[in-house]
Amino acid sequence: MQAGDVLVSHSTAVREHEISIVPNASHATSPTHDVAVHDARSEADAMGVDAWLTEDQTHVVKIASHRGPDK
């Protein structure tokens, strides 16, 4: 994960998922996992960056890849 990438995070106590641009605080909330992943992928595509998902604040999974090998 690099600065400028899109991150979807989920607090285990709530259903909503937050979307942020690394390393900033969240700027959007999505009501479900599916909506959050869709929104993050769209945002990452528009910005030309990668998108990541974490459900436990420890492990992350890349959900979109738009950075070239030299970025």
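This report describes the strand arrangement, the helix packing and the nonpolar core of a predicted model.

Residues are numbered from 1 along each chain as its sequence is written, and side-chain values use heavy atoms, with hydrogens and water left out. Because the model is predicted, local features need pLDDT of at least 70 and side-chain atom pairs count only at pLDDT 80 or more, while totals for chains, interfaces and linings use all residues.

**Sheet**

Helices (H or I, at least four residues) and strands (E, at least two) are DSSP runs numbered from the N terminus. Two strands are taken as paired if DSSP finds at least two bridges between them. On that basis, five strands make up an open sheet of mixed pairing, in the order β3-β2-β1-β4-β5. On average, neighbouring strands are turned by 30° against each other, direction ignored.

| Pair | Sense | Bridges |
|---|---|---|
| β1 (residues 6-10) and β2 (residues 17-21) | antiparallel | five bridges |
| β1 and β4 (residues 51-54) | parallel | four bridges |
| β4 and β5 | antiparallel | three bridges |

β1 and β2 form a hairpin, with six residues between them. Within this pair His10 stands opposite His17. On the other pairings, Val8 faces Leu53 in β4, and Trp52 stands opposite Lys62 in β5.

**Strand β1**

Burial is assigned by relative accessible area: under 20% is buried, over 50% exposed, and anything in between partly exposed (1.4 Å probe, protein chains only). Five of the five residues of β1 are buried, so the strand is largely enclosed by the rest of the structure. The cover extends to both faces, with Val6, Val8 and His10 buried on one side and Leu7 and Ser9 on the other.

**Helix α1 and the core**

A nonpolar core is a set of buried Ala, Val, Leu, Ile, Met, Phe, Trp, Tyr and Cys residues joined through side-chain atoms within 4.5 Å. The largest such core has 13 residues, and those with the most contacts inside it are Val6, Val8, Ala40, Ala44, Ala51 and Ile63. Two or more residues come from each of β1, β2, α1 (33-47), β4 and β5 (61-64). α1 supplies the largest share, four residues.

Contact means heavy atoms within 4.5 Å. Leaving aside neighbours within four places in sequence, Ala40 is in contact with Val6, Val8, Ile19, Ala51 and Ile63.

How values were computed
Axes fitted to C-alpha atoms, helices over the stretch in contact; angles between N-to-C directions.
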